[in-house]
Amino acid sequence: MSNKSTKKEEELQEIDKKILKLLSKRNKLLKDFKDTNFFSYNNNFIENIKNGMFLELEHEKIDEKIVYLGPEGSYTQEAAINKFGIGKTYYSVNSIKNIFYEVNEDRAKYGVVPIENSSNGIVGDTINCFDTYNLNIIGETILDIHHTLVSNCNKIEDIKIIYSKDIAFDQCSIFLENYHPNETKYEYVDSTTKAAKLASQIPNSAAICSKLAAKTNHIPILFNDIEDNKNNKTRFFIISKESTKKTKNDKTSIIVQLPNKYGCLIDFLNDFKENKINLNKIKSHIVKGISTFFIEFDGHKDDSNVKKILNKHSNNIKVLGSYKKEIEDI
């Protein structure tokens, strides 16, 4: 073994000793910890450590960049970290369109985009971008959406203005009705992360945001889990120029534009029944003034029964990708 290799090995061993020492100290602190919210964070932390150590070695290259909808501290960043683990090269852009652009221009290997929320439905911007760009869905991930109220104020009565994204206000309407009188002003901003940043800087203000955004902006959490729907979830797609191989549990997403004729949609859907393909989702959406259907079904685009439908309706279908199914629906 060369002197250079020996030195690297000694450095690694020294790092490992420090890690083990810190983990031992951490475990001792955990024994007396009673905060249940922290244990939820702790489980995520441990999972991210595992992802960061093993996924890095087994699946990913160090220089593969991942772009997400920012700014830093957003729910999309949290979804990206949950999917890929820590130790990756992440960066944010300010729109879904720019995520597609970055991946299309090879500035990022993967992009993470929201596709639907259990409370607010399909994300139209994502569907529109799939119509414009020829990128593939190679995976999906689901994130539980929990909102927090954060502020530097010690008393809730001192809060005069609350910042957040319009959707977040809608999703926390019951909490706001119960805890805030009419004189409290609500101000819409572009993202919940921006809201957290404003609340950290402006006196007598607060924000509705994620725990990650609160941590990123170093602002205290006054209330956890203030969303109306405790089962609020958002599904995200992982997009890339790559495509995926078949597994034993695949899902395929397509967008379809059909002629505006009597029975056309029924005839199209009957082809799935005849080929014994289970449909998971069908949503209508307007793309460039044209009625478009976002459809998902069990199976891979390379399956023989799926190929029959794709070939028959090739002029009307755009395949967005086949990927391993993580969930039936949200």
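In what order do the five strands of the open sheet run? The order is S8-S7-S9-S6-S10, and the pairing is mixed. The model is predicted.

**The sheet**

Strands S8 (185-188) and S10 (221-223) stand at the edges. Each has a single partner strand, so one side of each is left without a neighbour in the sheet. On average, neighbouring strands are turned by 30 degrees against each other, direction ignored.

Strand S6 (residues 148-151) pairs with S10 in the antiparallel sense, over two bridges. Leucine 149 has phenylalanine 223, in S10, as its bridge partner.

Helix H8 (residues 192-201) packs on this sheet. The helix touches S6, S7 (161-164) and S9 (205-209). The direction of H8 makes about 155 degrees with that of S9.

**The nonpolar cores**

The largest nonpolar core has 23 residues. Ile99, Phe100, Val113, Phe130, Phe237, Ile239 and Phe294 have the most contacts inside this core.

H4 supplies the largest share, four residues.

What does phenylalanine 237 touch, not counting residues up to four places away in sequence? Its contacts are Gly111, Val112, Val113, Ile115, Phe130, Ile137, Gly139, Glu140, Ser253, Phe294, Glu296 and Tyr323.

A second core is separate and has 15 residues. Among them are Ala80, Phe84, Tyr90 and Tyr110.

Definitions and conventions: Residues numbered from 1 in each chain as written. Predicted model: local features only at pLDDT ≥ 70, side-chain atom pairs only at ≥ 80, totals over all residues. Heavy atoms only, no water. Pairing = 2+ DSSP bridges. Axes fitted to C-alpha atoms, helices over the stretch in contact; angles between N-to-C directions. Contact = heavy atoms within 4.5 Å. Core = buried A, V, L, I, M, F, W, Y, C linked by side-chain atoms within 4.5 Å. Buried < 20%, exposed > 50% of the residue type's maximum accessible area, 1.4 Å probe, protein only.
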